[in-house]
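The following exercises concern one protein structure. Please work through each task before reading its solution.

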Amino acid sequence: MVACPCALGLATPTAVMAGTGAGASNGLLVKGGEVLEEAHSIDTVIFDKTGTIMTGRAVLGERMEFLNDAPDDSIDPLLQNLPDGVDKKSIALWLAACAEMNSEHPLASAIVNGAKGSIGGRFA
């Protein structure tokens, strides 16, 4: 029997993508094919207190805004065209939520949901 090497070259990455995609749609993030290959040897799973076990989804916890300490004149051009409700305290969160609002990634959803709760979801 003769097999085409192209079939093997295409089948393996396709299987890895299908596996990581199925995991992601169920909230399980897998960092690449190598991790997926080694998953068969897992015999213990340890969870931390991120809230993902209890809620089933990632949530935005604590955040630090470095612009809070910046003088107002150094970021004035940045503050001129912000929507209502977005101020110096929440500009980084607003920008991150704008960048992630069309993403289907679970961590992107956590950022967008956190921003909606914090600044009311005013995204451009």
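**Exercise 1.** Determine which residues form the largest nonpolar core.

Solution. A nonpolar core is a set of buried Ala, Val, Leu, Ile, Met, Phe, Trp, Tyr and Cys residues joined through side-chain atoms within 4.5 Å; buried means under 20% relative accessible area, exposed over 50%, and partly exposed in between (1.4 Å probe, protein chains only). The largest such core holds eight residues: Leu82, Val86, Ile91, Leu93, Trp94, Ala97, Ala115 and Ile119. Two or more of these residues come from each of H5 and helix H6 (106-119). With four residues, H5 gives the most.

This is a predicted model, in which local features need pLDDT of at least 70 and side-chain atom pairs count only at pLDDT 80 or more, while totals for chains, interfaces and linings use all residues. Residues are numbered from 1 along each chain as its sequence is written, and side-chain values use heavy atoms, without hydrogens and water.

**Exercise 2.** Classify Ala96 as buried, partly exposed or exposed.

Solution. Ala96 lies in helix H5. Its relative accessibility is 28%, so Ala96 counts as partly exposed. Of the 124 residues of the protein chain, 16% count as buried.

**Exercise 3.** State which helix has the lowest mean pLDDT and which the highest.

Solution. Helices (H or I, at least four residues) and strands (E, at least two) are DSSP runs, numbered from the N terminus. The protein chain has six helices and zero strands. pLDDT is the predictor's confidence in each residue, from 0 to 100.
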